[in-house]
Amino acid sequence: MLIVLAKAKVGAGAMEPARAAIADMVAASNAEPGCIAYAFTQDVLDPSVLHIVEKWVDEAALAAHFATPHMAAFGAAISGLDFQVIEALKFHTDEGAPVM
């Protein structure tokens, strides 16, 4: 399994225009074969920061995700906005276990 943790910085006035594109991206990504989970969250201490959390079954599923039409549509939708991914890391892991 792969876990992707990413962070984006969104400039003043860009969050609202990006919101529909984010919602579309989350819905379409979660429907992809090989996607276990896909979510954007807004940082409670800094609302200009978004955290993106993804879980994929394998490298092939992640590679397929990058080639999807909704990924291209998302890129086009945010291209004119002050929206910058400032970090994106992937981790190879097992299936995990409950913390408690």
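A residue counts as exposed when its relative accessible area is over 50%, as buried when that area is under 20%, and as partly exposed in between. This structure is a predicted model.

**Salt bridges**

Side chains of opposite charge can pair when their charged atoms come close. Three salt bridges are counted here.

| Pair | Closest N to O distance |
|---|---|
| Lys-9 and Asp-46 | 3.3 Å |
| Glu-16 and Arg-19 | 3.0 Å |

Start with Glu-16 and Arg-19. Both sit in helix H1 (residues 15-30), three residues apart, so about one helical turn separates them. Glu-16 has a relative accessible area of 56%, so Glu-16 is exposed. Arg-19, at 40%, is partly exposed.

Next, Lys-9 pairs with Asp-46. Lys-9 is partly exposed at 35% relative accessibility. Asp-46 is partly exposed too, at 29%.

Glu-59 has a relative accessible area of 34% and is partly exposed. Lys-90 is partly exposed at 43%.

**The largest pocket**

The largest pocket holds about 280 Å³ of space. Its lining has 17 residues; nearest the centre are Ala-6, Glu-54, Phe-66, Met-71 and Ala-88. Which element gives the most to this lining? Strand S4 does, with five residues. By class, 15 lining residues are nonpolar, two are charged and none is polar.

Notes
Residues are numbered from 1 along each chain as its sequence is written. This is a predicted model: local features need pLDDT of at least 70, side-chain atom pairs count only at pLDDT 80 or more; totals for chains, interfaces and linings use all residues. Side-chain values use heavy atoms; hydrogens and water are left out. On a 1 Å grid over the protein atoms alone, a cavity is a set of points where a 1.4 Å probe fits but cannot get out, and a pocket is an open set with protein on both sides within 12 Å along at least five of seven lines; lining residues have an atom within 4 Å of a point. Grid points are joined across faces, edges and corners, and a volume is the space filled by probe spheres set on the points. Helices (H or I, at least four residues) and strands (E, at least two) are DSSP runs, numbered from the N terminus. Ala, Val, Leu, Ile, Met, Phe, Trp, Tyr, Cys and Pro count as nonpolar, Asp, Glu, Lys and Arg as charged, and the others, Gly among them, as polar. A salt bridge is a side-chain nitrogen of Lys or Arg within 4 Å of a carboxyl oxygen of Asp or Glu. Buried means under 20% relative accessible area, exposed over 50%, partly exposed in between (1.4 Å probe, protein chains only).
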